[in-house]
Amino acid sequence: MKNTLIIITAILILNSCKDNGTQPPVNNYKHPRDMTWTADTLNTDDPNQLQIIPQNLLAFSPNDAWLCCWADGPLGQMWHYDGNEWKVNNILKDVTGKPADIVGFSSRYFWTGGYIGDYVFIAQYNGNNWIDIFPGFYTVDQDEWLKGDILDMSTDEDRNVWACGRNGLVMKYDNNTWAVDTINVGYKKNHPDAEYLLRSITYYNNQVHVLGGIYHSSLQRYINYHFKGYMNNWELLDSMIIDSPSSIIKWGYLGLYETTNKLFSYGSLGIWEYQNSNWAKIYDYNGEIYEIYGQSNQYLLAVSAFRTVLFYGGNNWERIDELLNVDDPHFSFRNVWTNGNEIIIAGDGFINGVQKTIVWHGK
């Protein structure tokens, strides 16, 4: 979901990273430096499979976690941690789609979404098997399956599931029914060769917020959008054009994260917080932040490219990636989860010259 966005990093002027000292834990949470860290390498035992790239992490507890991955083979797309080891979950024995994200409420009730060919793919896990619900997306008016793919998923306080994706697609699962909507932008209509992606969706302050954008390859231009609203009623809050090193980055266009009534965005050059209907930059970084996760506003973690893991303990952001003992400066930490006393981090890169995917566990 993020591959087409990485191109823009090369044309940006990179800012300096702010490293700060160790801070004490808050609310009886444990500082990452006080944890004992272990690492597991994901391996499908398939000699032909060279790459497994983490995409999204969903944990219900430190001993019950799921990792959705991109993989260059039939295995390795979904992994489960039971407290002892990470094991491949052979999702392809039940369904045929390619998962891109996972979201849900328990190990017996969660969802994955992605694509199957040119069409939307969503499946539900019931604790034992994956159930393909793709046949529910037959559009009568167009007399064909729903085209596109899911790029991001989230939940709201009413335990509904939200999803967004390619070509302005928005979906909502409520009362055992999936509703489909489209956030339209005129630029895509006037420039059909441009790629239009809604890449992040989250529930904040009683409304759904969505980040998206259009990439026009021939013009080397991104037009980024921030929407809010609900099904069939979307409002464009702001937009920004990125087409040169001097372009102003107003927010992090790779993703959204909400915690304790605060909304954050992250991406190239740092982290932003949504304050008084505007984005305020709270952290400068010389690369791309891939994900944020926290237990409260005073306990946050961020993972990034270039071998960087950040921790916020209530005062300043500090780098803690030395705890993971990675030498490759280009290693990418992609996903993170914490309950305040344990942390799970997934990433991929080269270790001793060999491409590896590793999941760290601090406790």
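H330 sits in the loop between β25 (317-319) and β26; strands, like helices, are DSSP runs numbered from the N terminus (E, at least two residues, for strands; H or I, at least four, for helices). Although H330 and R307 are 23 residues apart along the chain, their C-alpha atoms are separated by 6.0 Å.

A word on what is being looked at. This is a predicted model, in which local features need pLDDT of at least 70 and side-chain atom pairs count only at pLDDT 80 or more, while totals for chains, interfaces and linings use all residues. Residues are numbered from 1 along each chain as its sequence is written, and side-chain values use heavy atoms, with hydrogens and water left out.

As for confidence, pLDDT is the predictor's own score for each residue, from 0 to 100. The chain averages 88, and 90% of the residues score at least 70. Over residues 1-24 the pLDDT is below 50, yet this stretch has 71 contacts in the model beyond near neighbours in sequence, a contact being heavy atoms within 4.5 Å. Where pLDDT is low, the predicted coordinates should not be read in detail. Among the strands, β10 (residues 138-139) has the lowest confidence, with a mean of 55, and β26 (residues 332-338) the highest, at 98.

On to the sheets, where two strands pair if DSSP finds at least two bridges between them. Six strands make up an open, antiparallel sheet, in the order β20-β21-β22-β23-β24-β25. β20 (255-259) and β25 are the edge strands, each pairing on one side only. From one strand to the next, the twist averages 40 degrees, with axes taken as lines fitted to C-alpha atoms (for helices over the stretch in contact) and angles running from 0 to 180 degrees between N-to-C directions. Within this sheet, β21 (residues 262-275) and β22 (residues 278-296) pair in the antiparallel sense over seven bridges; E273 has A280 of β22 as its bridge partner.

Another open sheet, also antiparallel, has four strands in the order β1-β28-β27-β26. Here β1 (37-41) and β26 stand at the edges with a single partner strand each, so one side of each is left without a neighbour in the sheet. The twist in this sheet averages 20 degrees from one strand to the next. β1 pairs with β28 (residues 354-362) in the antiparallel sense over five bridges, and W37 has G362 of β28 as its bridge partner.
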